[in-house]
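Okay, thanks everyone, I'll keep this short. Have a look at the structure on the screen, and then I'll walk you through a few parts of it.

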Amino acid sequence: MMHGHGKSDRPIVPTKPPNEAEPEAKEAVEGRGLAKGRTPERNMFRTQSRMSMSSALERIRQAARRDRGQRFTALLHHVYDVEGLRRAYFGLKREAAPGIDGATWRQYQEGLERNLLALSEQIKRGAYRAQPVRRAYIAKAGEPQKLRALGVLVLEDKIVQRATAEVLGALYEQDFVRFSYGFRPARSPHQALDALSVGITQRKVNWVLDADIRGFFDTLDHGWLVKFIEHRVADRRVVRLIQKWLKVGVLEEGKHIESEMGTVQGGSISPLLANLYLHYVFDLWVKQWRKLKAQGDVIVVRFADDFVVGFEHREDGERFLSELVERLKRFGLELHAQKTRLIEFGRHAEEDRQSRGEGKPETFNFLGFTHSCAKTRKGRFVVLRQTMRKRWQSKLKEVKAELRRRMHTPVPAMGQYVRSVILGYMRYYAVPMNAVSVSDFRMAVGRLWWRVLKRRSQKARVSRAQMERRMARWVPQTHVCHPYPWQRFGVIT
């Protein structure tokens with residue numbers, strides 16, 4: 001989150017990295033014992049590899065932190081380092097779908113060291129070639145009728161992208177601003193939600209800009225992205241590597257479609273490239289705009305291409321929105337007209353609207369939650385966060401279809417599935433003041449399960465008492481999994 005207000009005579013330089021260091025919160029690291037089936041020697045080798053690679057990344061971090069204007073001329077050797085490639089390989093999902101070559105994680109493991117050495121040599125010699133991405137479609141969260149295009153990379157492209165992202169991430173994490181939370185180490189959606197809630201309640205926020213960039217990942221401009229990368233990366237081999245992934249194109253219904261813009265969602269490098277693009281296009285510009293043009297408090301929270309900006313004065317919000325449209329247009333982006341709104345929101349919103357004879361303050365959605373103005377029992381203003389209705393309904397439809405598919409599986413197996421669904425839902429949505437919504441979801445899933453069990457057989461009946469016992473056996477009770485925003489946000493900042 002960014003907040004506060006100040007003035008500066010320094011001109012806006014949108015593509016220059018920030019000069020001020022932004023200290024990050026320190027996180028504890030949990031140890032772990034030997035994995036089953038692994039010899040101490042192999043674990044020792046893996047541990048030494050991790051230590052060696054970690055020290056190399058730490059040197060990059062320190063150099064980037066010391067000199068904000070330094071351009072790195074030698075980075076590729078960290079990418080083709082076999083230790084880094086091995087680390088990237090073991091960081092991939094084991095059961096992920098294969099790319100166009102059909103190679104799976106387990107098949108690649110059969111000759112792992114030989115494969116990694118060959119891959120390292122290809123990158124080193126410049127012989128590495130990215131392969132087209134297989135296009136796949138999944139239902140959009142909260143909008144099951146709409147499909148989101150994803151790219152499925154071949155395994156070796158995933159490995160190299162992940163290794164490259166780790167090296168570049170060590171560099172750019174020193175530049176990224178603190179109000180950016182998406183796809184960054186030691187940062188999560190709930191930290192972004194906490195930052196937004198604390199910002200609205202503790203700063204002078206009376207207006208909120210709820211904005212959405214139309215098709216961001218599909219419209220990202222390759223030319224601008226390369227220029228942004230070159231602000232810090234002078235190693236042409238690394239730049240060419242990224243250009244290969246940008247231009248490789250997708251394979252859809254047997255046709256190879258080359259891409260002139262955008263980055264494929266699903267690649268390990270895509271989140272970093274998205275953050276990098278918006279760092280220069282949005283984040284640095286917002287920081288300068290706040291210092292030079294804002295007349296009151298401004299708060300900002302961004303998670304990938306989803307962001308919310310809060311203003312003390314309506315005039316600031318209107319001016320910001322107008323200038324943001326022009327700013328994004330310059331870099332090939334545009335706001336979604338139907339999903340971008342400046343709304344009255346904050347501690348005085350309800351009273352001010354009542355005095356004008358208007359209805360309750362409008363709500364806005366962010367990271368799966370609907371945010372609305374509310375008060376505690378003692379009358380203190382609070383931001384109420386409840387599960388978005390579309391997310392609630394789409395998840396139930398997904399569970400209903402899966403339970404029908406599992407209709408004739410043993411009850412314990414169904415119980416384990418239901419339990420995993422409820423626990424996963426609670427881990428994300430069970431925030432303070434949203435317990436009723438989570439409890440309703442739990443009961444709705446229980447009713448779906450009961451309905452499926454009753455249809456398993458025409459003879460056997462499942463009574464309410466039997467179902468209650470099964471619910472008690474398999475389905476955990478609702479409980480809040482997250483602290484109040486100011487408790488956690490105050491600690492990490």
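Let me start with a definition: a residue is buried under 20% relative accessible area, exposed over 50%, and partly exposed in between. With that in hand, take methionine 433, which sits at 37% relative accessibility and so counts as partly exposed. And please keep in mind that what you're looking at is a predicted model.

Where is methionine 433? It's in the loop between α15 (411–429) and α16 (435–454). If you like backbone torsions, its phi is positive, about 75°, although methionine 433 is not a glycine.

There's another residue of that kind to show you, leucine 367. Its phi is near 55°, again a positive value in a residue other than glycine. You'll find leucine 367 in the loop between β9 (364–366) and β10 (369–375). Buried or exposed? Leucine 367 has a relative accessible area of 12%, so we call it buried.

Okay, on to the sheet. We've got four strands making an open sheet, and the order is β6-β7-β3-β8, with antiparallel pairing. Which strands stand at the edges? Those are β6 (298–303) and β8 (341–344); each has a single partner strand, so one side of each is left without a neighbour in the sheet. On average, neighbouring strands here are turned by 15° against each other, if you ignore direction.

Let's zoom in on one pair. Strand β3, residues 207–212, runs antiparallel to strand β7, residues 306–311, and six bridges join them. For example, tryptophan 207 has phenylalanine 311 in β7 as its bridge partner.

Now, what packs on this sheet? Helix α12, residues 314–330, does, touching β3, β7 and β8, and its direction makes about 145° with that of β7. Then there's helix α11, residues 270–292, which lies across β6 and β7 and runs at about 175° to β6.

As a general point, nonpolar side chains tend to be buried together in soluble globular proteins. In this model the largest nonpolar core has 86 residues, and the ones touching the most other members are Phe282 and Phe320. Which element gives the most to this core? It's α11, with 13 residues. Leaving aside residues up to four places away in sequence, phenylalanine 282 touches Phe179, Val300, Arg302, Phe307, Val309, Phe320 and Leu324. Another core lies apart from that one, with 55 residues, including Leu196, Ala304, Phe364 and Trp474.

Staying with α11 for a moment, asparagine 275 is in that helix too. Its relative accessible area is 1%, so asparagine 275 is buried. What does asparagine 275 touch? Not counting residues up to four places away in sequence, the list is Phe176, Ser180, Gly182, Phe183, Arg184, Arg302 and Ala304.

In general, two packed helices are described by the angle between their axes and the distance between the axes. On the α6 side the contact is made by Asp157, Val160, Gln161, Thr164 and Leu168, and on the α10 side by Val238, Leu241, Ile242 and Trp245.

While we're on α6, that helix also holds alanine 165. Alanine 165 has 16% relative accessibility, so it counts as buried. Its contacts, not counting residues up to four places away in sequence, are Ser268, Ile269 and Leu272. And how far apart are alanine 165 and leucine 273? In sequence it's 108 residues, while in space it's 8.8 Å, C-alpha to C-alpha.

Last pair: helix α14, residues 389–405, and α16, with axes that come within 10 Å and cross at roughly 25°. That makes α14 roughly parallel to α16. The crossing of these two, α14 and α16, is right-handed. Among the residues making the contact are Trp392, Leu396 and Val399 of α14, and Phe441, Ala444 and Trp449 of α16.

Technical notes:
Residues are numbered from 1 along each chain as its sequence is written. This is a predicted model: local features need pLDDT of at least 70, side-chain atom pairs count only at pLDDT 80 or more; totals for chains, interfaces and linings use all residues. Side-chain values use heavy atoms; hydrogens and water are left out. Two strands pair if DSSP finds at least two bridges between them. Axes are lines fitted to C-alpha atoms, for helices over the stretch in contact, and angles run from 0 to 180 degrees between N-to-C directions. Contact means heavy atoms within 4.5 Å. A nonpolar core is a set of buried Ala, Val, Leu, Ile, Met, Phe, Trp, Tyr and Cys residues joined through side-chain atoms within 4.5 Å. Buried means under 20% relative accessible area, exposed over 50%, partly exposed in between (1.4 Å probe, protein chains only). Angles under 35 degrees count as roughly parallel, over 145 as roughly antiparallel, 65 to 115 as roughly perpendicular and the rest as oblique. A crossing is left-handed if the near helix is turned anticlockwise from the far one by less than a right angle, and right-handed if clockwise.
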